[in-house]
Amino acid sequence: MTETTLAPAAPEKTGFLTVATLQKAVAFVVLILLLGFFSLFAPNFAQWSNMVNIMQATAVNGVLGVAVTFVIISAGIDLSVGTMMTLTAVIAGLILTNAGLPLPFGVVGAMLFGGFMGAISGACIAKLKIPPFIATLGMMQIARGLALVFSGAKPIYFNDTPSYYYISSGSVITRLIPGLEVPNGVLVMFGVAIAAAVILNRSILGRYIFALGSNEEAARLSGVNVDMWKIVTYGLSGLICGVGGLLISSRLNSAQPALGLGYELDAIAAAVIGGTSLSGGRGTILGTIIGAFIMSVLTNGLRVMGVQEEWKIVITGIIIIAAVYVDTVLRKKA
Amino acid sequence: MKKTLIASVVALASTTMLCAPAMAQETYFPIIAKGFSHQFWQAVKLGAESAAERNGVSITFEGPNTEAEIDKQTDILNAAIAKKPQGLGFAALDSQAQVPALQKAADAGIPIVAFDSGVESDLPLTTCTTDNMAAAAAGADGLAKAIGEEGEVAAVIHDQTSATGIGRRDGFLNRLAEAYPNITVVDVQYANDALKATETIKAILQAHPNLKGIFASNEGAAIGLAVALKETGSGIVGVGFDSGKTQKDAVRAGELLGSITQNPVGIGECVVDSLAKALAGETLPTTIDTGFYWYDATNMDSPEIAAVLYD
């Protein structure tokens, strides 16, 4: 992939084996090893139905991971993705159930609202010069509080909009290719990932996101409107959180206003395992999706083996540290 | 409309909270719950408010954002004690950690009534609670009968540290061990939200193809159970706990066999009534069992059950 950087930093492209390629390869190898390990040691793991389980369990975290990847590449961070997901789910509920509008309004409304709130985070960072960690920490709380306020601290159900359920839980693919049951939520995740990869690698926005992350000052001096592109970047993150909100609430057939805290850490972990550098300027969407798959294979496999939740958390932590270690080693070699 | 109404009730409640110190001469009980976002707590609040009106006292109803924030709840407790109320209702997130804070209230001569989860101390005059062990045992009975008293079952519990999580898990497991020798429990897992419960249950179903039934120990776990059974098309027997619209719909449609409901409105009433009685000098029993009911598609619309179910 051509990861164009405006910054005068040393070009990372050295033929086929760029750091990013290597790291994606490492993450992919880890994924294959995990699949192999669980196939051998977890009875009933290696079945198609379970692969569908894993894909479906990856959908929400994968989408949130993509959202946070944009921001991290721009050398920022977004801690609000989990509760923003919940807030947008509540917005979809208000539009569809409380206001009784047709499905497209709910879908578009939730995403636009997420984008709007994300842009506010971006504006706080770009204009008010609040560090991204603090600005999005604040937004995390604002989104969590608003989700409770807007919903009256009650779940909002989508029983009046039966088609809502099919956003994540039906299968369009089964209709086209009978027998291949891939839930729609998984297609949505891959759709978001492809769109995100195109934006990141083929658009001006993508080029500026890398520029911001590699050397913000250089970007500013070359005449890039740094503030505006930051706002757009966080807005895009919020918009994608809106997709996450639609996926989770469709699957639970309800917007659960109390859920969402902690999901941001899983999303950041997926990005980091997939090789996105927390210092900015480096990362890929494919890597994040592989990272999200590594996490859900691990979770699913350990559960199928009957390993306790407590140990599952410990092992996930070890994998994150190992991934960042590999990242550091590869970067030194580059 | 309904949502607006609830929003204004919440707003009103917070206003009352702010004004509370100003009207200290009137009898005032702060009621501190474990949270407020589960519908269960909203129902407790409803019961407490109606009892407050009946007894002519004023109350506030507060709780931390999530049921893991023990420290936040302790802060709320300390703030409530500082207002020098005439009594205090408290649902401890941790049965031991908050005893020192409660001691302060006791030293100040404030009568304490515990509710939902007990406190491992004799400071509370009484505890208004569901007998979680007995309630989960009733769930075990329902599940066992439905699978012909033999085969493999599993349980998904909402957390491994609170008194309700431990009580329901042990009540379920002990009852199976005592009364149903031909039932094997193949897995007990923990999941604290509806999505995590869904994935957990799907993994359990994957690991144990011969599984005949699953018990889910609270509203979130039961939503996960209903979603997982629907997504996998599995016909195994599911038994839940508490209510909420998703769970009620699943029971009514036969996707879940049944569930155990506590009596949250009764718990709320019991707290305020007990505090009023304590002020009047009555002695109280150490625990007041507010009761539980098994419900399924056949009895959930009966007036007795419908009154304690909530959306």
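I began with burial, counting a residue as buried if 20 or more other C-beta atoms lie within 10 Å of its own, with C-beta atoms placed from the backbone. By that count, buried residues make up 55% of the 334 residues in chain A of this predicted model.

I then looked at the build of chain A and found 13 helices and two strands. The radius of gyration of chain A is 20 Å, close to the 20 Å that the globule rule gives for 334 residues, so chain A is as compact as a globular protein of that length. Along the principal axes, the C-alpha atoms of chain A fill a box of roughly 55 × 50 × 40 Å. Of the contacts in chain A with a separation of 6 or more, 78% are accounted for by residues 24 or more positions apart.

Next I followed helix α3 (residues 81-98) of chain A to α10(A), where the two axes come within 7 Å and cross at roughly 65 degrees, and I noted the crossing as right-handed. Among the residues that meet there are A:A89, A:A92 and A:G93 in α3(A), and A:G238, A:G242 and A:G245 in α10(A). By class, this contact has eight nonpolar, nine polar and no charged residues.

Last, I turned to the contact between the chains, which takes 30 residues from chain A and 28 residues from chain B. On the side of chain A that touches chain B, α2 (48-73), α5 (132-151), α10 (226-251) and α12 (285-305) each supply at least two residues. I recorded that side of chain A as 13 nonpolar, 13 polar and four charged residues.

Conventions. Residues are numbered from 1 along each chain as its sequence is written. Chains are lettered from A and ligands numbered from 1 in the order in which they are written. This is a predicted model: local features need pLDDT of at least 70, side-chain atom pairs count only at pLDDT 80 or more; totals for chains, interfaces and linings use all residues. Two residues are in contact if their C-beta atoms, placed from the backbone, lie within 7 Å. Helices (H or I, at least four residues) and strands (E, at least two) are DSSP runs, numbered from the N terminus. Ala, Val, Leu, Ile, Met, Phe, Trp, Tyr, Cys and Pro count as nonpolar, Asp, Glu, Lys and Arg as charged, and the others, Gly among them, as polar. The radius of gyration is taken over C-alpha atoms; the globule rule is 2.2 Å times the number of residues to the power 0.38. A residue is buried if 20 or more other C-beta atoms lie within 10 Å of its own, exposed if 12 or fewer, and partly exposed in between; C-beta atoms are placed from the backbone. Axes are lines fitted to C-alpha atoms, for helices over the stretch in contact, and angles run from 0 to 180 degrees between N-to-C directions. A crossing is left-handed if the near helix is turned anticlockwise from the far one by less than a right angle, and right-handed if clockwise.
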